[in-house]
Amino acid sequence: MSETILLISASLQVRAHWEAPLADQGYDVSAVETSEAAVFACQRFRPDLILLSDSIPDFQNGKFLRWLKADPRNRLVPIVFLQSSDGQIDFPHAFEAEADEIWAQSLPYQEALLRVQNLLER
């Protein structure tokens with residue numbers, strides 16, 4: 001059984017950027033566009049890793065990220081905050097909301113894949 005990664009992003013570009021390389025590595029990737037779909041996906045299966053883009057409309061400065069971490073089903077699941085553009089990452093809000101890591105969009109694939117592997121081994 002392969003590890004399951006939940007990718008939450010309203011941006012087709014962000015989903016395409018992450019989904020194919022992760023699937024090519026053998027991960028079972030489920031991509032959703034909204035927080036509502038993410039809630040349903042978390043209830044339907046327990047992801048091993050959640051990649052959360054700041055592109056979802058109701059992100060609200062980490063409120064959704066805090067909600068994900070507050071759910072007992074996700075409490076121990078690593079959650080990575082993905083910056084969807086080349087703008088500034090809001091580090092204080094992301095860490096306050098309990099993001100395990102923050103990745104810039106420009107993160108090279110090989111480094112991202114190594115980080116995914118390390119997070120899943122924890």
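Reader: Which residue in β2 stands opposite I8?

Author: The residue opposite I8 is V32 in β2. Strands here are DSSP runs of E of at least two residues, and helices are runs of H or I of at least four, both numbered from the N terminus. Please note that this is a predicted model, in which local features need pLDDT of at least 70, side-chain atom pairs count only at pLDDT 80 or more, and totals for chains, interfaces and linings use all residues. Residues are numbered from 1 along each chain as its sequence is written, and side-chain values use heavy atoms, with hydrogens and water left out.

Reader: How many bridges join β1 and β2, and in which sense?

Author: β1 and β2 pair over five bridges, in the parallel sense. Two strands count as paired if DSSP finds at least two bridges between them.

Reader: And what is the strand order of the whole sheet?

Author: The order is β2-β1-β3-β4-β5, an open sheet of five strands with parallel pairing. β2 and β5 are the edge strands, each pairing on one side only.

Reader: Staying with β2, is S30 buried or exposed?

Author: S30, which is found in strand β2, is buried, with a relative accessible area of 18%. Buried means under 20% relative accessible area and exposed means over 50%, with partly exposed in between, using a 1.4 Å probe and protein chains only.

Reader: What is S30 in contact with?

Author: Leaving aside neighbours within four places in sequence, S30 is in contact with I5, L6, L7 and F45. Contact means heavy atoms within 4.5 Å.

Reader: Which way do the side chains of β4 point?

Author: I79 and F81 point one way from β4, V80 and L82 point the other way, and all of these are buried. In general, side chains of a regular strand alternate between the two faces of the sheet.

Reader: Switching to helices: which residues of α1 are buried?

Author: Helix α1 covers residues 12-24, and its buried residues are V14, R15, W18, P21 and L22. They lie on the same side of α1 because they cover an arc of only 170 degrees around the axis. The arc is taken from the directions between the helix axis and the C-beta atoms.

Reader: What do those buried residues pack against, and what sits on the opposite face?

Author: The buried residues of α1 pack against β1 (4-8), β2 (28-32), β3 (49-53), β4 (79-82), β5 (101-103) and α5 (109-121). The face turned away from the buried side of α1 carries the exposed residues L12, Q13 and D24. Just after α1, G26 takes a positive phi of about 95 degrees.

Reader: How many aromatic pairs are there, and which residues form them?

Author: The structure holds one aromatic pair. W18 and W103 form this pair, which is tilted, at 5.5 Å centre to centre and with 40 degrees between the planes. W18 lies in helix α1 and W103 in strand β5, so the pair ties together parts that are 85 residues apart in sequence. Rings of Phe, Tyr and Trp (its six-membered ring) pair if their centres lie within 6.5 Å; planes under 30 degrees apart count as stacked, over 60 as edge-to-face, and the rest as tilted.

Reader: Are W18 and W103 buried or exposed?

Author: Both W18 and W103 are buried.

Reader: Going on to α5, which of its residues are buried?

Author: In α5, A112, L113, V116, L119 and L120 are buried. Seen down the axis of α5, these fall within an arc of 125 degrees, so they line one face of the helix. They pack against β1, α1, β3, β4 and β5. Exposed residues Q110, L114 and E121 are carried by the face of α5 turned away from its buried side.

Reader: Last one: what is the overall pattern of the chain?

Author: Along the sequence the chain follows β-α-β-α-β-α-β-α-β-α, with five helices and five strands. Of its 122 residues, 45% count as buried. Among contacts between residues at least 6 apart in sequence, 60% join residues at least 24 apart.

Technical notes: Expected span 1.5 Å × (residues − 1).
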